[in-house]
Amino acid sequence: MSDDEKDYEVGYGKPPKQTRFKKGQSGNPKGRPKGARGLSASLKRELESKITVREGNREIRITKAEAMAKRLAASALKGDSKALLALLKLDADLFGDSEAHDTEAGLSGRPEPVDYDILRDFFSSPQAGQEDVEDQEDEYDGT
C-alpha cells in the first residue's frame, strides 16, 4: 500500500476509494435517460407543434392548442352545451365572474365608510377648514 492510502481516513462522507463511483459512471445506471421528459413536457411540446388548417378559402399554420381553442369555440357557438360549459370553466371572465371579483377586491366604485374616516382625518389637519369636512359628511348617506 502507498502512503496516500494509509493516510486516508474512511468515515462519514468519505467512502473507501475502491467503492467510489468511477469518473463518468452514474450512481443509478438504470435511471431516467438524459433525453427523457415527463408527461407534461411532452404534452406541452405536442400542443406547441404547428399544423395546417383550412380556414375559409385559405390554409393557415397554427399550433394544435390554437386549433383546439378554435374548435371548442366553434362547437360552443353551434349550440353544444358541453363545449359551452367547458369554455366557461376555462375562462371565468366570459360569464361575468370578474364583476364578483371586483366587488370582493373593493373595486365597486363606492368608497367604504373607512375611506370617509381617512378623509375626515386628512381634512381636519390645520391646512384644511372644518367646513369642508362637514360638507362632505352631509353628502355621505351611509350606504
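Reader: Why is Glu-55 called partly exposed?

Author: Buried means under 20% relative accessible area, exposed means over 50%, and partly exposed lies in between (1.4 Å probe, protein chains only). Glu-55 has a relative accessibility of 31%, so Glu-55 counts as partly exposed. This is a predicted model, in which local features need pLDDT of at least 70 and side-chain atom pairs count only at pLDDT 80 or more, while totals for chains, interfaces and linings use all residues. Residues are numbered from 1 along each chain as its sequence is written, and side-chain values use heavy atoms, with hydrogens and water left out.

Reader: What makes the contact of Glu-55 with Arg-58 a salt bridge?

Author: A salt bridge is a side-chain nitrogen of Lys or Arg within 4 Å of a carboxyl oxygen of Asp or Glu. For Glu-55 and Arg-58 the closest N and O atoms are 3.4 Å apart, and the pair forms a salt bridge. Glu-55 also stands opposite Arg-58 in β2.

Reader: Which residue meets Glu-55 in a salt bridge at 3.0 Å, N to O?

Author: That residue is Lys-70, whose side chain meets the side chain of Glu-55. Lys-70 counts as partly exposed because its relative accessibility is 42%.

Reader: How many salt bridges does this rule give?

Author: The count comes to five. One of them joins the side chains of Arg-120 and Asp-117, at 2.7 Å from N to O. Both residues lie in helix α6 (residues 113-123), three residues apart, about one turn of the helix. An α-helix has 3.6 residues a turn, so residues three or four places apart point the same way. Arg-120, at 31% relative accessibility, is partly exposed, and Asp-117, at 37%, is partly exposed. Elsewhere, salt bridges that share partners join Glu-55, Arg-58 and Lys-70 into one network.

Reader: What makes β1 and β2 a pair, and in which sense do they run?

Author: Two strands pair if DSSP finds at least two bridges between them. Strand β1 (residues 50-55) and β2 have six bridges and pair in the antiparallel sense. Arg-54 stands opposite Glu-59 in β2. The hairpin of β1 and β2 has two residues between the strands, and Gly-56 there takes a positive phi near 70°.

Reader: Why is Thr-63 called buried?

Author: Thr-63 has a relative accessible area of 17%, so Thr-63 is buried by the cut-off given above. Thr-63 is found in strand β2 (residues 58-63). Contact means heavy atoms within 4.5 Å. Not counting residues up to four places away in sequence, Thr-63 touches Leu-47, Glu-48, Ser-49 and Lys-50. Across the chain, buried residues make up 5% of the 143 residues.

Reader: How do you know that the length of helix α3 agrees with its number of residues?

Author: The expected span of a helix is 1.5 Å times one less than its number of residues. Helix α3 (residues 64-78) has 15 residues and should therefore span 21 Å; its end C-alpha atoms are 21 Å apart, which agrees. Gly-79 follows α3 and has a positive phi, near 110°.

Reader: Is Ser-75 buried or partly exposed?

Author: Ser-75 is partly exposed, because its relative accessible area is 22%. Ser-75 lies in helix α3. Leaving aside neighbours within four places in sequence, Ser-75 is in contact with Asp-80 and Ala-83.

Reader: What counts as a helix or a strand, and how many does the chain have?

Author: Helices (H or I, at least four residues) and strands (E, at least two) are DSSP runs, numbered from the N terminus. The chain has seven helices and two strands, in the pattern α-α-β-β-α-α-α-α-α along the sequence.

Reader: Where in the chain is confidence lowest, and where is it highest?

Author: Confidence is given as pLDDT, the predictor's confidence in each residue, from 0 to 100. It is lowest in helix α7 (residues 130-139), at a mean of 53, and highest in β2, at 96. The mean pLDDT of the chain is 78, and 71% of its residues reach 70 or more. Where pLDDT is low, the predicted coordinates should not be read in detail.
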